Amino acid sequence: MANRKNQSTVKSNSSQAEKQYIRVQKELQAMQEAWNHPHSQMLTQLIYELVAQEHNAGKRFSVSKVLHLLNLSFSGYYDYLKREPSKQALHKEEMKKQIKQIYEESDHTYGAPRITKILNQQGIIISPRTVGRLYAGDGYSGL
């Protein structure tokens, strides 16, 4: 009788192990698909940016080791460091400056809808959602 109990326990444990193995395999496959997704390039750029920020902040770590652990290329990282900002990035920075200026001039009282209205009156087509995102992305609160 004890033998049957041990056999059922072994079967149960192996069944659970198989289920866990299948789950892990599915997760790995999902991660590989996500990494090959078109947005993975944005993720890679974000990682490069974070590594550069930490390195420039004086944190002591091996950039090459971090890149190796994340399975990213050294040449891609150093290319990222030398790359000029895109037109879109430059435009985004300019919009952030204008939003900040309007917010400061309003004694921190204008929110995204009012700032949007002012920018639209100046001939700049922008949505309140974009104003809020640009503003929040710059570390300000209250918009």
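Let me begin with a definition: a residue is called buried when its relative accessible area is under 20%, exposed when that area is over 50%, and partly exposed in between, with a 1.4 Å probe and protein chains only. What you see is a predicted model, in which local features need pLDDT of at least 70 and side-chain atom pairs count only at pLDDT 80 or more, while totals for chains, interfaces and linings use all residues. Residues are numbered from 1 along each chain as its sequence is written, and side-chain values use heavy atoms, with hydrogens and water left out.

First, the overall picture. The chain has seven helices and zero strands, where helices (H or I, at least four residues) and strands (E, at least two) are DSSP runs, numbered from the N terminus. Of its 143 residues, 20% are buried. If we take contacts, meaning heavy atoms within 4.5 Å, between residues at least 6 apart in sequence, then 43% of them join residues at least 24 apart.

Now to the loop between α5 and α6, where we find Asp 107 and also His 108. Most residues other than glycine have a negative phi. Asp 107, though not a glycine, has a positive phi of about 55 degrees, and His 108, again not a glycine, has a positive phi of about 65 degrees. Are these two exposed or buried? Asp 107 is exposed, with a relative accessible area of 60%, whereas His 108 is partly exposed, at 45%.

On either side of that loop sit the two helices themselves. Two packed helices are described by the angle between their axes and the distance between the axes. The axes of α5 and α6, the latter covering residues 112–121, come within 10 Å and cross at roughly 115 degrees; here axes are lines fitted to C-alpha atoms, for helices over the stretch in contact, and angles run from 0 to 180 degrees between N-to-C directions. Gln 98, Ile 99, Ile 102 and Tyr 103 in α5 meet Ile 115, Ile 118 and Leu 119 in α6. By class, this contact has six nonpolar residues, one polar and no charged, with Ala, Val, Leu, Ile, Met, Phe, Trp, Tyr, Cys and Pro counted as nonpolar, Asp, Glu, Lys and Arg as charged, and the others, Gly among them, as polar. Helix α6 also holds Pro 113, which is exposed, with a relative accessible area of 58%. From Pro 113 to Arg 129 is 8.6 Å, C-alpha to C-alpha, although they are 16 residues apart in sequence.

Finally, the pockets. On a 1 Å grid over the protein atoms alone, a pocket is an open set of points where a 1.4 Å probe fits, with protein on both sides within 12 Å along at least five of seven lines, and lining residues have an atom within 4 Å of a point. Grid points are joined across faces, edges and corners, and a volume is the space filled by probe spheres set on the points. The largest pocket has a volume of about 620 Å³, and the largest share of its lining, four residues, comes from helix α2, residues 40–56. Its lining includes Met 42, Tyr 80 and Arg 83, and by class it has five nonpolar, two polar and three charged residues. The second largest pocket holds about 330 Å³, and α5 gives the largest share of its lining, six residues.
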